[in-house]
Amino acid sequence: MSRLPAFPWDSLAGHTERARAHPGGIVDLSVGTPVDPVPDSIRDALASVSDVPGYPTTHGTPALRAAAVDSLRRRHGADGLDPDAVLPTIGSKELVAWLPSLLGAGQGDVVVIPELAYPTYEVGALLAGASVQRADGLTQLGPQRPRLLWLNSPSNPTGRVLGVEHLRKVVDWARDRGTVVVSDECYLALGWDAEPVSVLHPDVHGGRLDGLLAVHSLSKTANMASYRAGFVAGDPDLVRRLLAVRKHAGMIVPRPVQEAMTVALGDDKALAAQRERYAARRAVLRDALLAAGFRIDYSEAGLYLWATRDEDADATVGWFAERGILVAPGTFYGPRGGRHVRVALTATDERVNAAAERLTA
Ligand SMILES: Cc1ncc(COP(=O)(O)O)c(C=O)c1O
């Protein structure tokens, strides 16, 4: 426990209280938690297997693994993946937190994470006893041979998208050193001004999956955050190793959730409808932030706007809180985030419009 950092969200209590006191009620744009309905197709699938008394399989149903492979090919052009090289996971936060341990990383190992990163990458490395290095460029890493390197495109918190060329360079570099590349692709289907690319796309890996894992989540694309539904896919050997440990250790995805995931991965209409909702909210918030004098950096994709007024992040969070709006300071994601805030697109249209009115008043 002493190895872990303080839980960042606890430090927002004061700003939350101030935002709650607004006469129009709080607009919470801090945590990126989905607010729209779970599609009926998914709810029906969940209910359809609620009377299965036996244990689910750790590797997931063949239908689920086939649906994952099909969706990666159809939605993201990731051809040539073997369904056996897919492993369902309880959420992806849980996998992110335990992956370094599951892969046997430990003391003396280095885990590379982006300069500005989802905090659980660091937590996962620390839980394994490994050390963390933040880096966005390979030149920062010198001659060392990290055990694991996390990519996250589109990024939380910045919404930055890494191009094919960048991804390919990282993959080649890691292969030369025996470093496992883990690409967290939970926002991959949410490209706005840029088309995000999977590390499992042949243009990136050149036909070889060795040393590559992609982590996917159904939380954001299918409004299934409460179901805790994700999967990891890629290098068949690495997935086999993860499966071998998980057969002993459990963390099995419940059977009803497996069924719901299978349907969600095939429901491109529901995904398109959700994308439209987020695109509309993004346009409203973006215009309002620009009108209020903010600059928006990156934010080409994903569920966040990375905004700044070139002042201390905590002061900006306070400015929002006075208007009843809660946002996250960039410092939650790394020392380089000190002058930005992260504004989530995950609020109802009514709340998003309320925020825009307050920002432009
Ligand atoms: C970059 C990133 N990875 C993983 C997760 C975890 O998502 P989940 O555990 O809901 O799949 C999140 C959640 O916000 C995230 O932003």
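1. Is helix 4 (residues 93-102) mostly covered or mostly uncovered? Helix 4 is mostly covered, since 7 of its 10 residues are buried. These buried residues are Lys93, Leu95, Val96, Trp98, Leu99, Pro100 and Leu102. A residue is called buried if 20 or more other C-beta atoms lie within 10 Å of its own, exposed if 12 or fewer do, and partly exposed in between, with C-beta atoms placed from the backbone. Helices (H or I, at least four residues) and strands (E, at least two) are DSSP runs, numbered from the N terminus. After helix 4 comes Gly104, which has a positive phi near 85°.

2. The structure is a predicted model, in which local features need pLDDT of at least 70 and side-chain atom pairs count only at pLDDT 80 or more, while totals for chains, interfaces and linings use all residues. Residue numbers start from 1 along each chain as its sequence is written.

3. The protein chain is assigned two parts, domain 1 (8-37 + 270-360) and domain 2 (40-267). Such bounds come from an automatic or database domain assignment. The centres of domain 1 and domain 2, taken over C-alpha atoms, are 26 Å apart. Between them, 29 residues of domain 1 are in contact with 29 residues of domain 2. Two residues are in contact if their C-beta atoms, placed from the backbone, lie within 7 Å.

4. Which elements give two or more residues to the side of domain 1 that touches domain 2? They are helix 10 (268-291) and strand 10 (304-308). Helix 10 gives the most to this side, with 7 residues. The side of domain 1 that touches domain 2 has 15 nonpolar, 7 polar and 7 charged residues.

5. A database record may be set beside the model. An unreviewed UniProt entry lists residues 26-359 as "domain: Aminotransferase class I/classII large". UniProt positions are given in the numbering used here, feature names are shortened, and annotations may be inferred rather than shown by experiment. Over residues 26-359, the chain is 40% helix and 16% strand, and the end C-alpha atoms are 13 Å apart.

6. Helix 12 (residues 349-360) has 12 residues and reaches 16 Å from its first C-alpha to its last, close to the 16 Å expected at 1.5 Å a residue. The expected span is 1.5 Å times one less than the number of residues in the helix. In helix 12, the residues Val352, Ala354, Ala355, Ala356 and Leu359 are buried. The cover over these buried residues includes strand 1 (27-28), helix 10 and strand 11 (325-326).

7. Why does Val352 count as buried? Val352 counts as buried because it has 23 C-beta neighbours inside 10 Å. Not counting residues up to four places away in sequence, Val352 touches Arg281, Val284, Leu285 and Ala347. The C-alpha atoms of Val352 and Asp28 are separated by 9.2 Å, although these residues are 324 residues apart along the chain.

8. Some backbone details deserve attention. The peptide bond from Ser153 to Pro154 is cis, with omega near -5°, and the bond from Asn156 to Pro157 is cis, with omega near 20°. Pro154 lies in the loop between strand 5 (148-151) and helix 6 (164-177), and Pro157 is found in the loop between strand 5 and helix 6.

9. Arg228 has a positive phi of about 60° although it is not a glycine. Arg228 is found in the loop between strand 7 (212-217) and strand 8 (229-234), and it is partly exposed because 18 other C-beta atoms lie within 10 Å. Ser299 likewise has a positive phi of about 60° without being a glycine. Ser299 is buried, with 27 other C-beta atoms within 10 Å.

Conventions. Ala, Val, Leu, Ile, Met, Phe, Trp, Tyr, Cys and Pro count as nonpolar, Asp, Glu, Lys and Arg as charged, and the others, Gly among them, as polar.
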